[in-house]
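Have the coordinates open as you read.

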Amino acid sequence: MPEFTWTAKNKQGVSQSGELEATNREIVVAILRRKGLVDIKAKKKPIEIVIFPEKVDDKDISIFFRQLSTMINAGLPLVQCFELAERGAEKKAMVKLLNDVRVNLEGGNPLGETMRKFPKEFDRLTCALVEAGEQGGILDTILLRLCIYKEKALSLKAKIKSAMVYPIAILVVSFIVTSILMIFVIPVFSEMFADLGGELPMPTQIAMSISDVFVEFWYLIIGTPIVLVLAIRALYQTPNGRYQLDKLLLALPVLGDVLRKASVARFCRTFSTLSAAGVPILEALDTVAETSGNVVIEQVILSSKDSISQGQTLTAPLEASKIFPLMVTQMISIGEQTGSLEDMLAKIADFYEEEVDTAVNNMQQLMEPLIMAFLGVVIGGLVVSMYLPIFQMASLV
């Protein structure tokens, strides 16, 4: 359906503008007139070819929620809040999102229900909290709490990325450098040594044999990692494949510990935020499971939901999974018994977010010498193997 841009004036003479999807211009004018607008000018929005389209990310949403919370607390009507935010937004994608939400709000739809129409920008957790805030009349408080949650989640996500990107980047660079040496550099030395004659040292012979394999089967050497990455991505799209890969990630020696602690922190932070907003526990567990980021953790959370629906405690299935540490399950049990589950979950989340930070730093400190040693053995070994014959000839001379 084509999109139209329009400008008009309300009954007070204040100019307004926006965008609207319709089959033709006449329908746009009719819709705006029903809203009491006059002096309407509408034209079809030109088609833009965008190679790298802008996206609304979690940081944009977090900043907007903080602004929205402040404006609602100041007593501004919700539609006017979106109008002001729309004028101040810098990203075109954000402007369009705010405009679309505002149009739905002007149609009489609640904010939480409207947000569910934009699942790419507003996840299930956000919608559930906003709906709870609307029902309880504490939308500004909920938005501020949601903003804090998103900021902590972004910080945790950045720590996990930093833990994984560094070693992967080093390994990729080392693979590229090794391939270049094997395909382009070592064959030059091989021709030179062949012209000189004589028996080459064993390390040099091994390096030259490996180089011959790289030269002859270069397409397999370069293509195999690419095919492997694509195969893993395809496997991750299947339910069983994703479960097995998530299970494998949790079982890894060092990285698995970081991911487990991050999952525990995310579980506790999300559950605490939903509980504080007054979301029913069974509905909260559905949302927590969906936002866990790991299928293994998700299944454990869903099993705990079944346990609660049968009149049992939350602690039993979490403890039986062997994924959640004993300290976590004990503190959750104390929170259930004392009626302070929300506060206990928040304390666990704070503790494990600090644990993730420490674990990431420890992992990076452990990985750095291992990576340097690996590069030294591979790259240094190749260089030494190529210079050994030269050293032998120099000694003979």
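## A buried asparagine

N99 has a relative accessible area of 2%, so it counts as buried (under 20% relative accessible area; exposed is over 50% and partly exposed is in between, with a 1.4 Å probe and protein chains only). Before going further, please note that this is a predicted model, where local features need pLDDT of at least 70 and side-chain atom pairs count only at pLDDT 80 or more, while totals for chains, interfaces and linings use all residues. Residues are numbered from 1 along each chain as its sequence is written, and side-chain values use heavy atoms, with hydrogens and water left out.

N99 sits in helix 4 (residues 92–106); helices here are DSSP runs of H or I with at least four residues, numbered from the N terminus. Leaving aside residues up to four places away in sequence, N99 touches S17, G18, E19 and E86, where a contact means heavy atoms within 4.5 Å.

## Aromatic pairs

The structure holds 7 aromatic pairs. Rings of Phe, Tyr and Trp (its six-membered ring) pair if their centres lie within 6.5 Å; planes under 30 degrees apart count as stacked, over 60 as edge-to-face and the rest as tilted. Two of the pairs are set out here.

| Pair | Centre to centre | Angle between planes | Geometry |
|---|---|---|---|
| W218 and Y219 | 5.9 Å | 85° | edge-to-face |
| F267 and F271 | 5.8 Å | 50° | tilted |

W218 is partly exposed, at 46% relative accessible area, and Y219 is partly exposed too, at 45%. F267 and F271, by contrast, are both buried. These two phenylalanines belong to helix 11 (residues 255–276), where they are 4 residues apart, about one turn of the helix. Elsewhere, F64, F65, F82 and F122 make up one aromatic cluster.

Does the length of helix 10 (residues 239–251) agree or disagree with what its residue count predicts? Its 13 residues, at 1.5 Å a residue, should span 18 Å, and the end C-alpha atoms are 19 Å apart, which agrees. The expected span is 1.5 Å times one less than the number of residues.

The buried residues of helix 10 are G241, L245, D246 and L250. Viewed down the axis, they fall within an arc of 165°, so they line one face of the helix; the arc is taken from the directions from the helix axis to the C-beta atoms. Among the elements covering these buried residues are helix 9 (218–236), helix 11 and helix 13 (295–309). On the other side of helix 10, N240, L248 and A251 are exposed.
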